Amino acid sequence: MNVVVPLPRTPAETALIDGARRPAAIEALRARGLPTRRVESWHYTDLKTLLRNLPADAATPAALPPVLEGSAVLAIVDGAPRIVAAPAGVDVSALGDAGIAALSAPFGADDAIGQINLAHVADGVRLAVAADATLVAPVEVQFRSGRACHARVSAAFGAASRAVIIERQSGGGFSTAVCDLNIGDGAEISWIVVQERDDKAVHLGQVNATLGTNAKLNLFVVNEGGKLVRQEIHARAAGEGSEFRLRGVNLMAGGAHVDVTMTLTHEVPHTSSTAVVRNIVTGRANGAFQGMIKVARQAQKTDARMACNTLLLSDEGGFSAKPELEIFADDVACGHGATVREIDRNHLFYLMARGVPERESRGLLVKAFVAEIIEELDNEGLVEALEHRLDRWFSAHG
Amino acid sequence: MLEIRNLHARIAENGTEIIRGLNLTVNKGEVAAIMGPNGSGKSTLSYVIAGRADYEVTEGDILWNGESILAMDAAERAAKGVFLAFQYPMEIPGVATMEFLKVAMNAQRKARGEEPLKIPEFLKRVKAAAASLSMNMDMLKRPLNVGFSGGEKKRAEILQMKLLEPSLCVLDETDSGLDIDALKIVADGVNALRSPDRAMIVITHYQRLLDHIVPDTVHVLYKGQVIKSGDKSLALTLEKDGYAQITGEAA
């Protein structure tokens, strides 16, 4: 018989477990503690060690101008939804206790983010986009918090709807955010996560998406802040002809630790997915990407591609990539690749030979590395807005 | 004036000496052709002049207008007017060609204490230079050199040369990979830049390019040294007899 002697509880565990609103939701964590590197899905982010103490509270940011001018702004401020007039085609309401009771259970014993969030969440936003509706302007949901905050968004996109939603994570302290996306048949949705929390913040996020027949989800994740960040993505291609697309840009500086973990399941035939994550590591920052693509036995003709590319700009930083394929169907095209490299000396020489000083040349090349991904966005305003944020990050950390 | 004096240079990574006591003088207004068999050090010479960090100069000096440029990095040399047209121009995904041209032109202007170019003036210059090289502006909307054919890349190099107006141009096998029409366009582009204030070094394997860019002097490079210099007739002799006779004399 194996006897597992639990490690002593950390202050963070005590706060998270004893302070839970819904103790039942956090039962697994109570028994096992926060995941350590021995838990496979947390191997690169030893949460128990990295989150020994919850971070101190910070100031809650005031209203922010949206990332993309002209967006409709909704806010969840320190966990409390501030519902304002919603744009045409969207129905917005607070989740309330009934909404929270209806949320799906965490994925399992290792789903620390799902458990913490469900055990603590006070309220959230329900967002429903009507069938056939096309939102003219993006909707920006601002998660603004300074004290420990657990927020939830439950979004349903009706059949054939079109929408761009920006999930903006701002502020400091400790935060979890879980967004459940249900993408109806034929809907085409862009969900853009802009995580810009302060350099002491701990943020644990989850985007959970289910795609219907011929649905398209374009998920874009930009991590440009935070001290300890894990963004999980759990997506199910559940309808034939559905297309999932993840593009991620992780900008890591100082002593930041940023983890993007994706599990993607192709459940039915004729679905496709591409995932491309680009990372820039400076200073003593550390990052990880885990990508798991599962193809069910009946999911023939699946086309799934995954790539993780890292530009390492410092000897003290590091990045780990773990792509995995689990394929039970026999007629599929799946592939993955991961690279970690430094700035290409040939490229650097070429730019410098044209008179561009070394620092500026490096800046151009680093920006180019991630701009390639941003430029794939089919929205000029958004490309510009994100590139502007890149420039700002590089001038602060370059 | 460019003066290269007893230059010795080696590959930094493994210490292999490529340039072994090279002497060469190129005056302003002069077009000097450098020829030589494979492996004689032609491309290395171009890199060492341009300031590539992968090579170390162990002895000798390179003076441009009386000033040693050895301590300068590639960008500082470019600001002093040194330009290398690459044999294999780099494809750089994610860097927009127009943005790059603007950054490069303005970086050099800044280094010389000049104001940055206003956008309309910049566009005017690029359009005029592109037209003179029969280049389509659509090409310049792509990322730098990405998806360009060999000929297009060489034209893009000459375009940059026109826009940056260097005073020392080093063209490394600009003719390689060009068909005869493209060769003519590129050669016309180079000839248009000939001026009493500008020195040019044209590195080539073949006489063919020198029919179009007629050199004032021809130098034969062999085992990292200039072993013979002459006027344009030397290139014709080489084309007829090959390098064997000259390299034999040197051995």
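In the predicted model described here, B:Glu67 is partly exposed, with a relative accessible area of 36%, a value that lies between the 20% under which a residue is called buried and the 50% over which a residue is called exposed. This residue belongs to strand S5 of chain B, which spans residues 67-68. When residues up to four places away in sequence are set aside, B:Glu67 touches B:Ile62, B:Met72 and B:Lys80. Between the C-alpha atoms of B:Glu67 and B:Tyr206, which stand 139 residues apart along the chain, the separation is 32 Å.

In chain A, strand S7 (residues 162-171) is largely enclosed by the rest of the structure, because eight of its 10 residues are buried. Strand S7 of chain A pairs in the parallel sense with strand S5 of chain A (residues 139-145), over seven bridges, and within this arrangement A:Gly171 of S7 stands opposite A:Ser145. Strand S7 of chain A also pairs with strand S9 of chain A (residues 188-195), again in the parallel sense, over eight bridges; here A:Ile166 has A:Ile192 of S9 as its bridge partner.

Two residues call for comment on their backbone angles. Most residues other than glycine have a negative phi. A:Ala160, although not a glycine, has a positive phi of about 60°; this residue lies in the loop between strands S6 (149-157) and S7 of chain A, and its relative accessibility of 29% makes it partly exposed. In chain B, the phi of B:Asn6 is likewise positive, near 40°, but this residue is placed in strand S1 of chain B, residues 2-11, where B:Asn6 counts as partly exposed at 32% relative accessibility.

The two chains meet in an interface in which 17 residues of chain A are in contact with 31 residues of chain B. About 2,100 Å² is buried between chain A and chain B, 69% of it on carbon and sulfur atoms. On the side of chain A, the residues that lose the most area to chain B are A:Phe349, A:Tyr350 and A:Arg354, which together account for 40% of what that side buries. Two salt bridges are found across the interface, and the side chains of A:Arg354 and B:Glu157 meet in a salt bridge at 2.6 Å, N to O. Polar contacts between the chains amount to 11 residue pairs. Helices H6 (345-352) and H7 (358-374) of chain A each give two or more residues to the side that touches chain B, with H6 giving the most, seven residues. The residues of this side comprise 10 nonpolar, three polar and four charged.

Definitions and conventions. Residues are numbered from 1 along each chain as its sequence is written. Chains are lettered from A and ligands numbered from 1 in the order in which they are written. This is a predicted model: local features need pLDDT of at least 70, side-chain atom pairs count only at pLDDT 80 or more; totals for chains, interfaces and linings use all residues. Side-chain values use heavy atoms; hydrogens and water are left out. Helices (H or I, at least four residues) and strands (E, at least two) are DSSP runs, numbered from the N terminus. Buried means under 20% relative accessible area, exposed over 50%, partly exposed in between (1.4 Å probe, protein chains only). Contact means heavy atoms within 4.5 Å. Two strands pair if DSSP finds at least two bridges between them. Buried area is the accessible area (1.4 Å probe) that two parts lose on being put together, summed over both. A salt bridge is a side-chain nitrogen of Lys or Arg within 4 Å of a carboxyl oxygen of Asp or Glu. A polar contact is a pair of N or O atoms within 3.5 Å; within protein, one must be able to donate a hydrogen and the other to accept it, and residues adjacent in sequence count only if both atoms are side-chain atoms. Ala, Val, Leu, Ile, Met, Phe, Trp, Tyr, Cys and Pro count as nonpolar, Asp, Glu, Lys and Arg as charged, and the others, Gly among them, as polar.
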